[in-house]
Amino acid sequence: GAAFVHAGREAPVLAAPPPPTVTVANPLVRQVNEWDDYIGRFEASRSVEVRPRVSGAVVGVHFADGAFVRQGQLLFTIDPRPFTAALAEAQAGLASARSELALARADLARAERLLDVEAVSRSDVDRLRARVQAGEAALAAAQARVRARALDVEFTRVRAPISGRISDRRVDPGNLVAAGEGTGGTLLTTINALDPIYFTFEGSEALFLKTKRAQASGARPSPVEIRLQDETDYRWRGQLDFTDNGLDPRSGTIRGRAVLRNPDLFLTPGMFGNMRLSSGGTT
């Protein structure tokens with residue numbers, strides 16, 4: 001057959017594509033925090049129920065309800081008159097005991113001088129020596145009574161045993177209050193120490209194991225961050241300082257505790273919060 005050539009036309013030439021653009025970046029290796037989330041509530045680091053150590057009538061209240069009080073600050077005054085009278089009586093008994101002992105010692109000294117010239121018998125000297133020993137014991141007892149009565153007078157001024165936020169007064173002036181062992185005494189008020197403050201929560205067995213492994217390796221206490229119910233950021237920071245000595249066999253959880261600074265006393269016992277516990281990690 002015949003070959004046909006189209007005059008004046010050439011085959012199209014395809015252009016080569018441009019080389020691809022490649023961006024090169026070095027891989028990043030940095031320390032980032034991995035967090036475990038928990039829900040818990042705040043608790044006072046120390047809490048004390050203020051109760052009287054002597055019975056009597058309250059004659060003064062010296063704090064404002066809900067105020068911050070310092071350790072040793074005067075809170076209540078109980079009528080001291082019965083106790084100052086008892087102290088005066090004990091001091092008189094002490095003076096009498098001292099006088100009796102001085103007389104017994106003088107009689108014994110005379111008898112011992114006369115014994116050398118056989119003017120008294122050995123049995124008389126022994127009786128006088130026993131009288132001196134009894135006088136010494138009576139003096140010690142009188143001194144103890146004075147100290148006890150002086151303590152009673154001191155206890156009529158009820159002072160704050162710790163620093164912290166005080167509750168309201170449960171007893172107004174004019175009421176009688178009773179001392180007692182343990183919780184037997186009249187409750188006057190309570191004081192919560194709020195700086196530092198505790199945050200308690202329930203953790204899993206994995207948390208317990210992680211804490212134990214960290215302690216064994218000498219790691220520092222794990223940091224925690226907490227946000228309150230109306231907050232979006234974890235603005236409160238502290239560290240894990242305690243895990244309980246056993247897991248609950250029913251739930252498999254263990255009680256944990258973090259400690260936080262609270263210098264402005266904003267955090268209050270009973271408030272709930274969301275906590276995240278740092279577990280570390282590298283990416």
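The model is predicted, and its mean pLDDT is 85, with 87% of the residues scoring at least 70. The protein has three helices and 12 strands. Of its 283 residues, 32% are buried.

**Overall picture**

- Among contacts with a separation of 6 or more, 77% are made by residues 24 or more positions apart.

**Helix 1 and helix 2**

- Helix 1 has 35 residues. From first to last C-alpha it reaches 51 Å, close to the 51 Å expected at 1.5 Å a residue.
- Helix 2 has 34 residues and should span 50 Å at 1.5 Å a residue; its end C-alpha atoms are 50 Å apart, so the two values agree.
- The buried residues of helix 1 include Phe83, Leu87, Leu94, Leu101, Asp107 and Leu115.
- What covers the buried residues of helix 1 includes helix 2.
- In helix 2, the buried residues include Val125, Leu128, Gly135, Leu139, Asp152 and Phe155.
- Helix 1 (81–115) and strand 5 are among the elements that cover the buried residues of helix 2.

**The second largest pocket**

- This pocket has a volume of about 260 Å³.
- Strand 1 (35–50), helix 2 (122–155) and strand 5 (157–159) each give two or more residues to the lining of the second largest pocket.
- The lining is made up of Val48, Glu49, Val50, Arg51, Arg53, Glu154, Phe155, Arg157, Val158, Arg159 and Pro161.
- By type, five of the lining residues are nonpolar, six are charged and none is polar.
- Phe155 belongs to this lining, and Phe155 is also one of the buried residues of helix 2.

**Ile226, in a strand**

- Ile226 is found in strand 9 (residues 223–228).
- Its relative accessibility is 0%, and therefore Ile226 counts as buried.
- Leaving out residues up to four places away in sequence, Ile226 touches Phe42, Phe199, Asp233, Tyr234, Arg235, Trp236, Leu260, Gly273, Asn274 and Met275.
- Ile226 and Arg276 are 50 residues apart in sequence, while their C-alpha atoms are 6.4 Å apart in space.

**Leu265, in a loop**

- Leu265 sits in the loop between strand 11 (253–260) and strand 12 (272–278).
- Leu265 counts as buried because its relative accessibility is 14%, and buried means under 20%.
- Its contacts, not counting residues up to four places away in sequence, are Phe68, Arg165, Leu194 and Asp195.
- Leu265 and Ala193 are 72 residues apart in sequence and 9.3 Å apart in space, C-alpha to C-alpha.

**Backbone exceptions**

- Most residues other than glycine have a negative phi, and most peptide bonds are trans.
- Leu265 is not a glycine, yet its phi is positive, at about 60 degrees.
- The peptide bond from Asp195 to Pro196 is cis, with omega near 5 degrees.
- Pro196 lies in strand 8 (residues 189–204).
- Asp195 takes part in this cis bond, and Asp195 is also one of the residues that Leu265 touches.

Conventions
Residues are numbered from 1 along each chain as its sequence is written. This is a predicted model: local features need pLDDT of at least 70, side-chain atom pairs count only at pLDDT 80 or more; totals for chains, interfaces and linings use all residues. Side-chain values use heavy atoms; hydrogens and water are left out. pLDDT is the predictor's confidence in each residue, from 0 to 100. On a 1 Å grid over the protein atoms alone, a cavity is a set of points where a 1.4 Å probe fits but cannot get out, and a pocket is an open set with protein on both sides within 12 Å along at least five of seven lines; lining residues have an atom within 4 Å of a point. Grid points are joined across faces, edges and corners, and a volume is the space filled by probe spheres set on the points. Helices (H or I, at least four residues) and strands (E, at least two) are DSSP runs, numbered from the N terminus. Ala, Val, Leu, Ile, Met, Phe, Trp, Tyr, Cys and Pro count as nonpolar, Asp, Glu, Lys and Arg as charged, and the others, Gly among them, as polar. The expected span of a helix is 1.5 Å times one less than its number of residues. Buried means under 20% relative accessible area, exposed over 50%, partly exposed in between (1.4 Å probe, protein chains only). Contact means heavy atoms within 4.5 Å.
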